[in-house]
Protein chains: 2
Amino acid sequence: MLSKKTKYAFHALSYLAENQEKGAILIQEIAAAKKISQKFLESILLDLKKAGVLGSKKGKGGGYYLIKKPEEITLAKVIRLLNGPIAWLPCVSLNYYEKCGDCPDEATCNMHLIMCEVRDQTLRIVENKTVQDLVGSKQL
Amino acid sequence: MLSKKTKYAFHALSYLAENQEKGAILIQEIAAAKKISQKFLESILLDLKKAGVLGSKKGKGGGYYLIKKPEEITLAKVIRLLNGPIAWLPCVSLNYYEKCGDCPDEATCNMHLIMCEVRDQTLRIVENKTVQDLVGSKQL
DNA sequence: CTATTACCCTACAAAGTTTATAGACTTTAT
DNA sequence: ATAAAGTCTATAAACTTTGTAGGGTAATAG
């Protein structure tokens with residue numbers, strides 16, 4: 001299941017996408033609009049900034065803004081960043097790979113192959129859906 | 001990610017599938033063979049029993065045994081039982097459905113639709129793979 | 001230059017979940 | 001009866017998620 005952090009990230013991103021013309025937007029504005037704890041949201045936006053998704057401006061008139069186009073920010077990127085691995089097993093994860101403790105050979109592990117398939121089908125969707133696809137719906 | 005509980009369940013089920021001819025099998029035998037805490041495994045097997053997957057016999061000569069054929073036990077069933085929802089959002093879950101707090105209409109929620117798609121693609125795989133498909137590989 | 005604004009950072013606490021342990025109880029075969 | 005085996009309840013340890021608090025730091029307006 002997606003964590004609240006991840007859902008908040010999508011809420012914030014779609015809000016920023018819907019208000020791009022306003023330039024930099026205050027954390028507190030997003031927090032109020034989407035009813036998210038402001039301090040909690042801060043750390044989420046910071047993660048998104050470090051990942052190159054958002055930019056920020058300090059000082060009076062500052063705030064956060066999209067640094068990429070909404071249609072360039074895939075759901076996969078956001079989920080990996082805030083939620084962690086998309087795969088169901090570490091040995092199948094592209095971005096968080098870890099060897100299975102006692103698995104001698106991934107090529108002959110049936111579970112490995114099945115989980116690869118699940119991962120690929122999931123990625124096929126979330127790599128091709130973007131923040132732009134979230135804009136326009138009333139809610140997430 | 002799949003929890004240890006879920007992985008243990010798959011290990012235990014494939015062990016039982018591979019040793020069906022031996023009849024009832026001791027918890028401790030499975031625990032030793034798969035290196036799982038015996039007490040922890042107990043509760044897992046009990047869950048599987050309550051779900052109608054396993055049967056058990058108490059007393060001397062007792063143990064656990066498959067009550068369904070390995071090819072009838074889908075991965076989806078085991079995952080739902082031990083890991084929880086397969087869907088990424090409660091409002092998209094078939095077995096653990098919950099309404100989104102503030103979503104007025106699922107039919108117009110883009111996120112809802114995308115997550116439905118992810119769920120369906122995942123289910124298409126794990127509803128059609130069974131414990132039988134795990135048997136034969138060295139590991140899970 | 002200086003006060004304000006708002007991002008940035010660290011620490012920690014509360015809550016929940018997962019994993020694991022302990023021990024008593026019940027049932028069954030011999 | 002007795003030993004063997006599953007069942008049940010309670011609880012603790014470890015970890016993750018979520019949220020709070022407070023101050024530090026950089027940028028901007030005037």
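Helices, as named in these legends, are DSSP runs of type H or I with at least four residues, numbered from the N terminus. The model shown is predicted.

**Figure 1. Fold of chain A.** Five helices and two strands make up the secondary structure of chain A. Their order along the sequence is α-α-α-β-β-α-α. The C-alpha trace of chain A spans about 60 × 25 × 25 Å along its principal axes.

**Figure 2. Largest cavity, with lining from helix H5 of chain A and helix H5 of chain B.** The whole structure holds three cavities of 30 Å³ or more. In the largest cavity there is about 130 Å³ of space. This cavity is lined by 14 residues, and A:Trp88, A:Thr122, B:Trp88, B:Val118 and B:Thr122 are the closest to its centre. At least two lining residues come from helix H5 (110-126) of chain A, and at least two from helix H5 (110-126) of chain B. Sorted by class, the lining consists of ten nonpolar, two polar and two charged residues. Rolling a probe the size of a water molecule over the atoms is what shows where such empty space is left.

**Figure 3. Interface between chain A and chain B.** Chain A brings 37 residues to the contact, and chain B brings 38 residues. About 3300 Å² of area is buried between the two chains, 73% of it from carbon and sulfur atoms. The count of salt bridges between chain B and chain A is zero. Polar contacts, in contrast, are found across the interface, in seven residue pairs with both residues at pLDDT 80 or more.

**Figure 4. The side of chain B that touches chain A, with residues from helices H1, H4 and H5.** Across this interface there are seven residue pairs in polar contact. Helix H1 (4-18), helix H4 (75-83) and H5 of chain B each provide at least two residues of the side that touches chain A. H5(B) gives the largest share, twelve residues. By class, this side of chain B has 23 nonpolar, eight polar and seven charged residues.

**Figure 5. Largest pocket, with residues of both chains nearest its centre.** The largest pocket contains about 540 Å³ of space. Of its 21 lining residues, A:Lys7 and A:His11 from chain A and B:Cys100, B:Gly101 and B:Asp102 from chain B lie nearest the centre. Helix H1 (4-18) and helix H2 (27-34) of chain A are the elements that contribute two or more lining residues. H1(A) supplies five residues, the largest share of the lining. The lining divides into eleven nonpolar, three polar and seven charged residues.

**Figure 6. Salt bridge between A:Lys39 and A:Glu42.** Side chains of opposite charge can pair when their charged atoms come close. Over all chains, the count is eight salt bridges. In the pair shown, the side chains of A:Lys39 and A:Glu42 meet with an N to O distance of 3.9 Å, inside the 4 Å cut-off for a salt bridge. A:Lys39 and A:Glu42 are separated by about one helical turn, because they stand three residues apart in helix H3 (residues 38-50) of chain A.

Notes. Residues numbered from 1 in each chain as written. Chains lettered and ligands numbered in written order. Predicted model: local features only at pLDDT ≥ 70, side-chain atom pairs only at ≥ 80, totals over all residues. Heavy atoms only, no water. 1 Å grid on protein atoms, 1.4 Å probe; cavity = no way out; pocket = protein on both sides within 12 Å on 5 of 7 lines; lining within 4 Å. Points joined across faces, edges and corners; volume = space filled by probe spheres on them. Nonpolar A, V, L, I, M, F, W, Y, C, P; charged D, E, K, R; others polar. Contact = heavy atoms within 4.5 Å. Buried area = accessible area lost by both parts, 1.4 Å probe. Polar contact = N/O pair within 3.5 Å; in protein donor to acceptor, adjacent residues only side chain to side chain.
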